[in-house]
Structures are given as C-alpha cells and as structure tokens.
Amino acid sequence: MENTKNKPKVLITYIESGMGHIMSAKAVSDGLKENFSDRIEVVETQIKRDSNSKEQIRFEKFLTNQTKATNKYKFYAPVVFTIMNIGKQKFMRFLHHTIFKKATDATVEALRSFNADVIVSTHYFITFCAIELKRRYQPDLLVACYNPDNNVHVWWDNRSDLFITNNKIAAEEAVEKRNFDKNSVKTVFFLAREQVVKANGSKEDYRLKYGIDKDSFTVMIADGAYASAKAKSYCNALLKENLDITIIMLAGKNEKVKKYFEKKQKK
C-alpha cells in the first residue's frame with residue numbers, strides 16, 4: 001500500500017440534496033485522483049450517513065425535501081428565498097446555531113473525525129459546518145467549495161477559503177452582492193464527470209446504442225429535484241398531442257415517476 005503519511009488529506013464530501021451536488025463532488029474527486037494522487041490523499045465520505053448520526057440523517061432528508069418543495073410548489077420558493085434574502089448571512093448563521101444546532105454540531109464532529117487538511121464541499125450546509133470546524137478546532141484547515149448552481153444564492157457562507165463558481169457572472173455576484181473576499185473567488189468551466197467529457201459520439205451513434213429509431217423526432221425531458229417538478233406534466237402534455245415522436249423521460253432516482261411512465265409506455 002502506498003504511504004500516505006506525509007500527504008495532505010483532502011476530504012471530498014457527498015450529501016443527498018440534489019444530483020448536481022453529488023455529481024460535481026464526484027467530478028472533483030475523480031480529477032484529483034487522476035492528476036494529484038502522488039501528492040495528496042483523497043478521502044470520500046457520505047458525510048451525513050457514514051457516522052450513523054440520527055440528527056444528520058434526519059437533516060439530510062429535510063434538505064432533500066426542501067429541494068423538492070422549491071421546485072414543485074409554485075409559491076414556496078419565492079417566499080423562502082425572500083425571507084432568506086432579507087436576513088442574509090446573519091439569519092442563516094442564526095438558524096444553524098439555534099434551530100438546526102444539533103444537526104450542525106453532529107456534522108462538525110463527523111468532519112472533525114477525519115482530521116483532514118482540506119475539506120471540499122459542493123453544498124452550502126457542509127461548507128458552513130466545515131467553516132465551523134475551522135473556527136472551533138482546526139484553524140489551519142482549508143475549506144474549499146464548488147458552487148454547482150449558475151448563480152450564488154444567499155445561503156452560501158462567504159467565509160470559505162476558496163469559493164469556485166462555474167461562470168464569470170456568478171463570481172461577480174459572489175463579490176459584489178454576497179460580500180465574498182475577491183481573492184477567495186475563482187471561476188472554472190462547469191464541472192462534469194469523465195463519462196460526460198468523453199461522451200463524444202454522434203447523434204446517430206447514441207440512437208443506435210439505445211435503440212432509438214434513427215429517423216424519429218426525439219424529445220428528452222429532464223428535471224431538477226429528482227424529476228419532482230414539471231417533468232411529469234410536460235411529458236403528459238406531449239403524450240396528449242398524439243405526435244409521432246419518441247420521448248425519453250429521465251426519471252433519475254424517482255421510482256414513482258419511472259413506474260408511472262413504464263405503465264404508459266405499454267400503451
């Protein structure tokens with residue numbers, strides 16, 4: 001086994017709150033392993049589950065449900081976002097030091113157990129907890145965050161050592177609107193896993209691979225928040241038109257939606 005004693009330990013954190021967070025973290029992990037495995041030790045963790053903490057598991061479910069609700073219910077997101085934008089960073093920190101204190105403390109302890117030199121996060125809550133860990137116990141810890149969104153929401157904590165955006169406008173928003181230190185904000189191209197980067201086949205190649213008629217007009221429907229927003233209604237609207245088309249409905253982890261359309265597929 002390769003000696004990792006003298007290598008900086010980089011902790012990659014995964015959290016179940018939308019596939020954008022998970023896939024971005026996976027892309028970071030794959031890239032670090034491929035390019036820097038001789039210089040750093042990369043450790044991966046499902047940070048809300050690996051410790052079997054009831055508080056963490058409960059809060060992860062809460063975050064997932066919030067993600068679904070903001071996409072599914074028409075007035076939910078505007079109300080919640082307005083409240084957070086009024087309170088800004090002070091309000092977010094207050095919430096996590098009071099109402100969500102147990103979940104915060106449990107996550108800080110879970111992160112602490114790894115004794116990492118760098119913590120990489122793609123989610124606001126893990127970033128906040130990593131900053132708390134640095135503030136309370138590990139002042140030399142480096143907290144690095146990649147924001148998978150195309151803008152910088154109010155919930156992102158502006159005290160991270162490195163905050164990476166995927167576009168220039170988001171970087172400007174972080175500095176000008178969210179008060180990030182401009183020296184900590186960097187911009188890269190949108191992160192993608194190796195499987196996506198190397199998917200260079202033609203349209204014809206993929207139609208042949210997946211059994212799609214080469215002459216059929218094809219529509220692919222994808223949706224955020226585990227296909228729990230508008231994908232189902234959009235797909236049904238297309239089906240009602242009785243068009244001579246092929247529809248690819250990406251259900252992701254949503255087994256309920258998958259089974260629903262499998263029944264329709266038979267008809």
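How many disulfides does a search of the whole structure find? The search finds 0, a disulfide being a pair of cysteine sulfur atoms within 2.5 Å. This is a predicted model, in which local features need pLDDT of at least 70 and side-chain atom pairs count only at pLDDT 80 or more, while totals for chains, interfaces and linings use all residues. Residues are numbered from 1 along each chain as its sequence is written, and side-chain values use heavy atoms, with hydrogens and water left out.

**View 1. Cysteines C145 and C235.** Let's start with C145, whose sulfur lies 12 Å from the closest cysteine sulfur, that of C129, too far for a bond. C145 is buried at 1% relative accessibility, and C235 is buried at 3% (buried means under 20% relative accessible area, exposed over 50%, partly exposed in between, with a 1.4 Å probe and protein chains only).

**View 2. Helix α2 against helix α4.** Here α2 (residues 54-72) packs on α4 (residues 101-112) at an angle of about 115°, and their axes are 8 Å apart. Helices are DSSP runs of H or I with at least four residues, strands are runs of E with at least two, and both are numbered from the N terminus. Axes are lines fitted to C-alpha atoms, for helices over the stretch in contact, and angles run from 0 to 180 degrees between N-to-C directions. From α2 come E55, Q56 and F59, and from α4 come K102, A103, A106, T107 and A110 (contact means heavy atoms within 4.5 Å).

**View 3. Q138 in its loop.** Look for Q138 between α5 (124-136) and β4 (142-146). Q138 is buried, at 15% relative accessible area. Beyond its neighbours within four places in sequence, Q138 contacts R112, N115, A116 and L133.
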